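Here's a quick tour of a helical model, with the cut-offs spelled out along the way. Have the viewer open as you read.

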Amino acid sequence: MSALAILLVVGPMSYATASDLGDIVARIDYGFYTGDSRIVEAARSELLRVGSDDAAHTYYEAYAAYRLSRLDLTAHPRERRALIRGCLEAGRSSAQNDEWAVEAWVLVAACSIQGIAQEPSRALGHEARLSEALAAAREKEPDNPRLLLVESWFRQHGMTVEGEHERRRELLERARDEFDARANEQGPDWGRAELLASLGKIYLDIGERRHARDLIEQALIEAPDYYFALELRKALSLQR
């Protein structure tokens, strides 16, 4: 998200603070897409150091913890638990603000999926939070593209069930349409590159190479050097 977009969203914050937040968010995104956890950690540390009760700031504290939890898989289990807990706490706090509620609940759901994957012993608690967050987001904005994307990730765990693979593709296609329809909206704008890459992988897996190539290249236009899309492009090149 550009600094100007952040400024328009956060309202009462000063221009300098809004600009700083926009810069931090850009660094979080860059670090995530390039797979460099150090960049995300540095940006997150800056967010925590500055501190704020503002809903936008709190949301991006959750966002930074979420992004880092997906990258730093070699971290000590205690550190991963702390990231997931930080994401959940900040996300739920931001959800108390009506303007940020939908996006915050979507982020809580995404963090809960990370919790299920990384903390099997606490899976039941994370599943309960996931259900709560998805329900809260659906009630307010059922066609939110990030909500559809996160729902597709959740369904990925159940793809052994007949029909789940196709249901996941349908969710991703719906999400793509919603991203396209909301291209100029203000607010959080993460997820489109992941969506395109995820769709690309599905089409690669079922042998539709041309469709997969188009989606992978679109993902790399959205986020140049996106490590997952680069891996998919390499896999595609090996399928001769």
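## Burial and surface

The protein chain exposes about 11800 Å², and carbon and sulfur atoms supply 48% of that (Shrake-Rupley areas with a 1.4 Å probe; for residues, only the protein chains shown count as cover).

This is a predicted model, where local features need pLDDT of at least 70, side-chain atom pairs count only at pLDDT 80 or more, and totals for chains, interfaces and linings use all residues. Residues are numbered from 1 along each chain as its sequence is written, and side-chain values use heavy atoms, leaving out hydrogens and water.

## Overall layout

The protein chain has 12 helices and zero strands (DSSP runs numbered from the N terminus: H or I of at least four residues for helices, E of at least two for strands). Contacts (heavy atoms within 4.5 Å) with a separation of 6 or more come 61% from residues 24 or more positions apart.

## Helix α5

Helix α5 covers residues 77-94 and reaches 26 Å between its first and last C-alpha, close to the 26 Å expected (1.5 Å times one less than the number of residues). Its buried residues include Arg80, Leu83 and Cys87, and the buried residues of α5 pack against α3, α4, α6 and α7.

## Helix α10

In α10, 12 of the 14 residues are buried, so this helix is largely enclosed by the rest of the structure. Among those buried are Arg192, Glu194 and Tyr203. Just after α10, Gly207 takes a positive phi of about 85 degrees.

Notes:
Buried means under 20% relative accessible area, exposed over 50%, partly exposed in between (1.4 Å probe, protein chains only).
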